[in-house]
Amino acid sequence: MKLNERHLMQLAAVLDSGGVSEGAAMLGLTQPAVSRSLAMLEARIGEPLFLKGRRPLQATPLGAQLAAEGRTIITASRKASDAVQGFMKGTKGIVRVGGVPFFMDAMISRMIGEFQNLEPEVTIQQSYLNLPEMVAALEGNQIDLGIVPIGVLGLGPGFEFTEILPGRNIVACRPDHPLLRNRRLVGRDLTRFPWVAPLPGSPLMSDLQMILMSIGMSDLNIRYSGSSLMGVINYLVETDALAVLPFSVVFAQRKENRVTVLPYEIPQPNRSLGILRRVGAPRSPAAERFAGHVTTAFENLKHIIKRHENAVVWGR
């Protein structure tokens with residue numbers, strides 16, 4: 001026997017509210033419409049749903065069982081409605097974000113935590129990706145957006161790039177590094193110490209080559225390579241090694257005071273950190289909400305980062 005789910009929902013509403021009029025109002029229906037539905041349900045099953053002469057209405061054992069099923073349907077319907085509304089508002093759903101490792105670890109992961117404090121029903125799936133892998137993931141609809149540093153040439157009309165932070169690299173070292181005692185640094189000073197190589201595929205690798213060219217060297221003493229941001233910082237703390245890092249990444253570590261800026265001006269790449277999307281791809285409201293949160297967070301940080309940068313006495 002197939003029963004109409006709407007009739008079961010109306011039965012539950014009538015019993016929970018104590019009357020037909022009240023149940024109809026709960027569901028946004030008219031009293032005559034609900035009365036007809038209950039009569040049709042009783043006719044369909046061939047058994048009464050209510051005990052006669054009881055006010056407020058009380059269910060028969062069969063009526064109570066059917067009402068329980070109706071409540072389940074009401075609950076499922078409300079959850080589905082909430083899911084749709086949450087999806088459309090961007091307060092529920094999944095955000096798939098890819099990003100370059102150092103920026104994700106230093107800054108974006110903290111912003112993800114802040115975002116989820118505001119939107120606890122949004123799930124973030126993060127991937128570590130450099131630009132070539134990120135482009136492929138966007139084209140394959142494996143991620144919703146990427147956070148990556150890109151140069152002025154861009155990626156063509158198939159992609160949209162929103163800048164969130166101008167690029168600036170620095171040479172990083174531990175706070176008590178011997179070079180920090182020099183009043184004025186020259187290029188050959190940088191060659192006296194070991195270096196940390198950036199991750200393979202990272203834009204920082206080409207930036208390190210630019211530094212080499214600027215100081216007239218063809219090679220540096222690379223003593224450590226292939227590590228995460230935390231690995232690089234831990235290594236710098238324990239050694240006299242140097243590393244090229246984005247200024248904002250070092251800024252994000254300022255409270256720990258484990259790594260600092262070596263005040264030597266190096267060639268700067270024409271590159272900005274930003275949010276990369278594929279033009280024409282479906283836009284997840286949750287992903288757009290997250291992108292807006294990251295954009296706002298960086299907008300608030302830009303001025304603080306700039307003040308911190310201006311406080312460094314750059315030498316050459």
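Helices here are DSSP runs of H or I with at least four residues, strands are E runs of at least two, and both are numbered from the N terminus. Residues are numbered from 1 along each chain as its sequence is written, and side-chain values use heavy atoms, leaving out hydrogens and water. This is a predicted model, so to speak: local features need pLDDT of at least 70, side-chain atom pairs count only at pLDDT 80 or more, and totals for chains, interfaces and linings use all residues.

**Stop one: helix H2.** Select residues 20-27, then Gly28, which follows H2 and has a positive phi, near 75°.

**Stop two: strand E10.** Select residues 271-278, where 7 of the 8 residues are buried. Two strands pair if DSSP finds at least two bridges between them. E10 runs antiparallel to E3 (residues 145-151), with 6 bridges, and antiparallel to E4 (residues 159-166), with 7 bridges. Click on Ile275: Ile147 stands opposite, and Thr162 is also a bridge partner of Ile275.

**Stop three: the cores.** A nonpolar core is a set of buried Ala, Val, Leu, Ile, Met, Phe, Trp, Tyr and Cys residues joined through side-chain atoms within 4.5 Å. The largest has 76 residues, and Ile108 and Ile147 are among those with the most contacts inside it. Apart from that core lies another, of 18 residues, including Leu11 and Val20.

Definitions and conventions: Buried < 20%, exposed > 50% of the residue type's maximum accessible area, 1.4 Å probe, protein only.
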